[in-house]
Protein chains: 2
Amino acid sequence: MAAEARRGYAKGRAKRGEILDQAMALFGEAGYRGASLRVIATRCGISHPGLLHHFPTKESLLLAVLEHRDEVDGEWLGLGGATGVQRLGGFAALAELNATRRGIVELFCVVSAEATSADHPAHAYFVRRYARSVSDAERAYAQAREEGALRDGVDPALAGAQLIALMDGLQVQWLLSDGATDMAGVLRAHLQAQLTVRL
Amino acid sequence: MAAEARRGYAKGRAKRGEILDQAMALFGEAGYRGASLRVIATRCGISHPGLLHHFPTKESLLLAVLEHRDEVDGEWLGLGGATGVQRLGGFAALAELNATRRGIVELFCVVSAEATSADHPAHAYFVRRYARSVSDAERAYAQAREEGALRDGVDPALAGAQLIALMDGLQVQWLLSDGATDMAGVLRAHLQAQLTVRL
DNA sequence: CCTACCGATCGGTAGG
DNA sequence: CCTACCGATCGGTAGG
């Protein structure tokens, strides 16, 4: 009985994870508005009211997908103990990892663009996310300056916004060129030109 | 009779232009998939079959909107006679102009992200558009090099992809920050760091 | 340019 | 988790 209950919960959690994966893929392919609960549910082998048992609304599903990604990727940036230069290199390393995960790149590229509309359900999420990304980059530059590794004339605030913008724009080019754009290479060249030491 | 015919054609052309303007705005607000012909038609004061009299399908309307923008903005870049440095400055000037036209920025930001899907009706359009933008930027850098205005270590091909990526990424940040991001300022700082002369 | 309609699909609910 | 259904909305067509 206890074993059955545990198996039951485990099965529910597994299905929940499967829904998050399939939803991430379809939100990336078609955007939030273009994706339908029925298609996501079918890909998980359940009906769409079955999906709504796990996530009560389409909006809650989108937010769960975004939060799930942040949990999984949270350790990639903002790691304590690293030098500023290492943290800047981490942005390029993240781009390198992303080049192996088209679904995730599509998700953030397509949904962040959709979410520039003030009435989009993920608008507040992306406003917060960009503010944090830009300030993370800015702090990494400021730390590199303290380490004497930053070239004169590079302003951490400007450079932070620049770095995040560059990463986003490269993702669009990478998706449109079917993977031909070397995101990490372009990023490393950009960072190298701002630093006095090798990356 | 000739006058009446001329007035009739003029009215048709005016309505066509009104449809293109309203379609541009709604495609930007809601994306291609999220925009509906009925809403666009209502904003123009006609029924949606009325709209379909001017543009036979939703897809043809989207492509007409994109081509209309290219015609209007075509002269901003690729102007003959300018120096490479002036043409690079033109990219920043375009960003400055775009900061006064939220609807146009939304259109390209949202629809280009949607169009990364291979089955999107504007996919081929954006693949072509990016290839041309990147090579325009690349040629401007190569020209600046010939003028002796480009710093050592700046590779025109890399720098071209970088500049276009930066412009796109800044547009997302500008839209999400409700106009607080200084697109032209960040771009000018980026260009200035690559040049040996004042912009 | 219109009204009226087509079949398809949407997110969500009822009731089990 | 299911079937069956709700009202709303979609792009496009018929016929005028």
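In this predicted model, chain A and chain B bury about 2700 Å² between them, and carbon and sulfur atoms give 69% of that area. On the side of chain A, the residues that lose the most area to chain B are T116(A), Q173(A) and L176(A), which together make up 24% of what that side buries. The contact draws 32 residues from chain A and 32 residues from chain B.

Which elements of chain A form its side of this contact? Five helices of chain A give two or more residues each to the side that touches chain B: α1 (2-34), α6 (102-114), α7 (123-146), α8 (156-176) and α9 (183-194). Among these, α8(A) provides the largest share, 13 residues. Sorted by class, the side of chain A that touches chain B holds 20 nonpolar, eight polar and four charged residues.

The specific pairings across the contact can be counted too. Between chain A and chain B there are zero salt bridges. Polar contacts do occur across the interface of chain A and chain B: six residue pairs are found, with both residues at pLDDT 80 or more.

The next part of the picture is DNA strand C. Around DNA strand C there are 17 residues, and those that come nearest are S36(A), R38(A), H48(A), K58(A) and S47(B). Of the atoms of DNA strand C that come within 4 Å of the protein, sugar and phosphate account for 50%.

In S36(A), an N or O atom of the side chain is 2.9 Å from a phosphate oxygen of DNA strand C.

Which helices supply the surface near DNA strand C? At least two residues each come from α2 (37-43) and α3 (48-54) of chain A and from α3 (48-54) of chain B. The largest share, four residues, belongs to α3(B). By class, the surface near DNA strand C consists of six nonpolar, seven polar and four charged residues.

Taken together, α8(A) gives the largest share of the side of chain A that touches chain B, while α3(B) gives the largest share of the surface near DNA strand C.

How values were computed
Residues numbered from 1 in each chain as written. Chains lettered and ligands numbered in written order. Predicted model: local features only at pLDDT ≥ 70, side-chain atom pairs only at ≥ 80, totals over all residues. Heavy atoms only, no water. Contact = heavy atoms within 4.5 Å. Buried area = accessible area lost by both parts, 1.4 Å probe. Salt bridge = Lys/Arg side-chain N within 4 Å of Asp/Glu carboxyl O. Polar contact = N/O pair within 3.5 Å; in protein donor to acceptor, adjacent residues only side chain to side chain. Nonpolar A, V, L, I, M, F, W, Y, C, P; charged D, E, K, R; others polar. Near = heavy atom within 4 Å.
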